[in-house]
Amino acid sequence: MYPRKASVHIGINGKNVTGDIKRCITDFTFTENATGESDSLEIVVHDLENHWLTDWIPEKGMSLTAEIELNNWDDSLSRRIIKCGDFIIDDIEIDGPSISMSIGAISMPMANEKKTKTWENITIVNIAVEIAANVGCELVYYADNITIESITQSKQGDIEFLYRLCSDYGLGMKAYRNKIIIFD
């Protein structure tokens, strides 16, 4: 019997940085939500070698990918990969004299622009197609074709509005791997 072992693989802006940062990671938290909230992850790293505040400094808006590798989990010599998805860094916190950095990321693109728009004689899928294009995501739609006579997006970001619309009509919405998934 071999002991169970879990490790994480991280990519930042399309580059696999796992080998470089593996020894710096002190904590990794992945939260997967079924609907109503974006998936999120947090990576806490130490900066004993003075890389994170100089040549490795992450910035808000950078893309991040994460996978969890499980070895010997089901039985000896088994290997499974859990793909957490694609994320956008949205929070960076630096702490302490021994410098640790917390990097927070969400699976939904940041769409902060508040809009007011009236949608008339349109289906939810057509609204979702337009919003997905606006935020640079692919849309996957697994629900009935629901027509709306009129609805107003009033001083809301696109994603916030789409979540509310889906909720009002009993649909679930999830972001995963740069896709917006709407389901019944």
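Which residue forms a salt bridge with K115? The partner is D158, and the closest N and O atoms of the pair are 3.0 Å apart. A salt bridge here is a side-chain nitrogen of Lys or Arg within 4 Å of a carboxyl oxygen of Asp or Glu. K115 lies in strand 8 and D158 in helix 3, so the pair ties together parts that are 43 residues apart in sequence. Helices (H or I, at least four residues) and strands (E, at least two) are DSSP runs, numbered from the N terminus. D158 is buried, with a relative accessible area of 6%. K115 counts as partly exposed at 23%. Buried means under 20% relative accessible area, exposed over 50%, and partly exposed in between (1.4 Å probe, protein chains only).

A word on the model. It is predicted: local features need pLDDT of at least 70, side-chain atom pairs count only at pLDDT 80 or more, and totals for chains, interfaces and linings use all residues. Residues are numbered from 1 along each chain as its sequence is written, and side-chain values use heavy atoms, with hydrogens and water left out.

The largest nonpolar core has 25 residues. Such a core is a set of buried Ala, Val, Leu, Ile, Met, Phe, Trp, Tyr and Cys residues joined through side-chain atoms within 4.5 Å. The residues with the most contacts inside this core are I127, L139, L162, L165, M173, I180 and I182. At least two core residues come from each of strand 8 (115–123), helix 2 (124–135), strand 9 (138–142), strand 10 (147–156), helix 3 (158–168) and strand 12 (179–183). Helix 2 gives the largest share, 7 residues. Take I127. Leaving aside its neighbours within four places in sequence, I127 is in contact (heavy atoms within 4.5 Å) with W119, I122, I148, I151, F161, L162 and L165. There is also a second, separate core of 22 residues, and C24, M62, A66 and I68 are among its members.

Back to charged pairs. The whole structure holds 10 salt bridges. One of them joins the side chains of K174 and E32, at 3.9 Å from N to O. K174 lies in strand 11 (residues 172–176) and E32 in the loop between strand 3 and strand 4, so the pair ties together parts that are 142 residues apart in sequence. K174 counts as buried at 12% relative accessibility. E32 is exposed at 52%. D39 joins in too: E32, D39 and K174 are linked in a network of salt bridges.

Is N33 buried or exposed? N33 is buried, with a relative accessible area of 19%. Beyond its neighbours within four places in sequence, N33 is in contact with S38, D39 and K174. Its side chain reaches the backbone oxygen of S38 at 2.9 Å.

Another salt bridge pairs R79 with E69, with the closest N and O atoms 2.9 Å apart. R79 lies in strand 6 (residues 79–95) and E69 in strand 5, so the pair ties together parts that are 10 residues apart in sequence. R79 is exposed at 55%. E69 is buried at 11%. Besides E69, R79 is in contact with L70 and N71, leaving aside its neighbours within four places in sequence. How far from R79 is Q156, by C-alpha atoms? The two are separated by 44 Å, and they are 77 residues apart along the chain.

Two more places deserve a look. D20 lies in helix 1 (residues 18–21). At 35% relative accessibility, D20 counts as partly exposed. D20 touches K15 and W56, not counting residues up to four places away in sequence. The C-alpha atoms of D20 and W56 are separated by 9.8 Å, and the residues are 36 apart along the chain.

L53, I57 and I94 make a nonpolar patch of about 240 Å². Patches are made of residues with over 30% relative accessible area and no salt bridge; like charges are joined within 9 Å, and nonpolar side chains (Val, Leu, Ile, Met, Phe, Trp, Tyr) within 5 Å. Accessible areas come from the Shrake-Rupley method with a 1.4 Å probe, and for residues only the protein chains shown count as cover. L53 is found in the loop between strand 4 and strand 5 (63–71). L53 counts as partly exposed, at 34% relative accessibility.

Note on methods
Polar contact = N/O pair within 3.5 Å; in protein donor to acceptor, adjacent residues only side chain to side chain.
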